[in-house]
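User: I would like to go through this model and ask what each label rests on. Please set the values against the definitions.

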Amino acid sequence: MALLEKLTNRAQKIYPRILLPESTDLRVIQAALSLSTEKIAKIVLLGNEDQICSQLELSEESKRHDLEFIDPNDEKLRNDYAKTLFERRKHKGLELNESLDLVNDPTVFAMLALHRDEVDGLVTGAITPSQKVLGNALRIIGVSNNSKLVSSFFLMIFDHNHKKYGENIIFSDCAMNIDPTVEELAEIAQSAFKSAKDLDIKPKIAMLSFSTNRSTQHSQVEKVRLATSICKTKLPDVDIIGNIQLDAALESKVLQIKYPEATFVPPANVLIFPNLDAANIGYKLVQRFSGAKAIGPILQGMAKPVNDLSRGCSVDEIFNTVVITANQCK
């Protein structure tokens, strides 16, 4: 069974409440209807039910598709949410009257719904800048107790013509941390290790560099080597290699030439990039040249499941991101 199909089936069994706050966007509505029809999740839209259904001619559709709604204009709800935000941020100097203003922002309102456990997961970003999504997620949802850093990954899914190195590969961190330190890079790798296992991918991690086995002396190479060493200490059973170039991480013959004493057996299926430049460019190159399906960025290390969409996302990408988010709700 293909991984995405397996994750879809698992999502249907979990059947969490997933909030899609950008209910004015047609792509979001189309994805919501498909997700609800296929019983992937209980889909919750942010907005007034009558207004949304009237604007989108969904008056009967919403009932048939079992959509739910949270109305951000409900005065009692707004006041309750403002109090929640005040309690959450008063240690940072936030005043209650400021909270009342802030809950007018749909992204803030949506994050508070997740924080209050009124939904199990949140997917947004189709029309909202990533900076706003991620900033509010960090301020309101926060970092998991088991993590020190929020990072991200893309699940790259390859078709039968392009799966020489495997059908599913995780790329991390492609969206969050611009130039991670040694400790942050190690944390990203540990989070990606957990993400892979959660997705039923047996992780084989490559800590990527422009150098293999310290063949070049440089601070960037040393950063990757030290991060690899930390991971080996904290995850003694991890199958990991670093620092390593991409070709050696994927090809046994290349690894044998460049690093003959290595016990790692390519190909790696979790690729940890040394910085955001390499990761973001790398996943987009692979996506464009191979036609791989890129699902993400999926956030890892958050206290609760919240994920950011690209503003150029398709209906299918919204659908697939909800599938992954539903799996994070288990």
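Analyst: Lys39 sits in the loop between helix H2 (26-37) and strand S2 (42-46). This is a predicted model, in which local features need pLDDT of at least 70 and side-chain atom pairs pLDDT 80 or more, while totals for chains, interfaces and linings use all residues. Residues are numbered from 1 along each chain as its sequence is written, and side-chain values use heavy atoms, with hydrogens and water left out. Helices (H or I, at least four residues) and strands (E, at least two) are DSSP runs, numbered from the N terminus.

User: Which peptide bonds are cis, and what is omega at Gly242 and at Pro266?

Analyst: The bond joining Gly242 and Asn243 is cis, with omega about -5°; Asn243 belongs to strand S8. The bond from Pro266 to Pro267 is also cis, at an omega near 5°, and Pro267 is in the loop between helix H12 (252-258) and S9.

User: Why are H5 and H8 given the relation they have?

Analyst: The axes of helix H5 (residues 75-89) and helix H8 (residues 130-141) come within 9 Å and cross at roughly 75°. Axes are lines fitted to C-alpha atoms, for helices over the stretch in contact, and angles run from 0 to 180 degrees between N-to-C directions. Since 65 to 115 degrees counts as roughly perpendicular (under 35 is roughly parallel, over 145 roughly antiparallel, the rest oblique), H5 is roughly perpendicular to H8. In the contact (heavy atoms within 4.5 Å), Leu85, Arg88 and Arg89 of H5 meet Arg139, Ile140 and Ile141 of H8. These residues divide into three nonpolar, no polar and three charged. Nonpolar means Ala, Val, Leu, Ile, Met, Phe, Trp, Tyr, Cys and Pro; charged means Asp, Glu, Lys and Arg; the others, Gly among them, are polar.

User: What makes S8 and S10 edge strands?

Analyst: Six strands form an open sheet of mixed pairing, in the order S8-S7-S9-S6-S5-S10. Two strands pair if DSSP finds at least two bridges between them. Strand S8 (239-244) and strand S10 (293-300) each have a single partner strand, so one side of each has no neighbour in the sheet. The twist averages 20° from one strand to the next.

User: How do you know that S7 and S9 pair?

Analyst: Strand S7 (residues 204-208) and strand S9 (residues 270-272) share three bridges in the parallel sense, and at least two are required. Met207 has Ile272 in S9 as its bridge partner.

User: What is the pairing in the sheet of five strands?

Analyst: That open sheet runs S3-S2-S1-S4-S11 with parallel pairing. Strand S3 (68-70) and strand S11 (306-308) pair on one side only and are its edge strands. Four bridges join strand S1 (residues 17-20) to S2, and Leu20 is bridged to Leu45 in S2. H2 lies across S1 and S2, at about 155° to S2.

User: How much space lies in the largest pocket, and which element gives the most to its lining?

Analyst: The largest pocket holds about 660 Å³. On a 1 Å grid over the protein atoms alone, a pocket is an open set of points where a 1.4 Å probe fits, with protein on both sides within 12 Å along at least five of seven lines; lining residues have an atom within 4 Å of a point. Volume is the space filled by probe spheres set on the points, which are joined across faces, edges and corners. Of the 28 lining residues, the closest to the centre are Lys194, Asp198, Gln300, Gly301 and Met302. H9 gives the most to the lining, seven residues.
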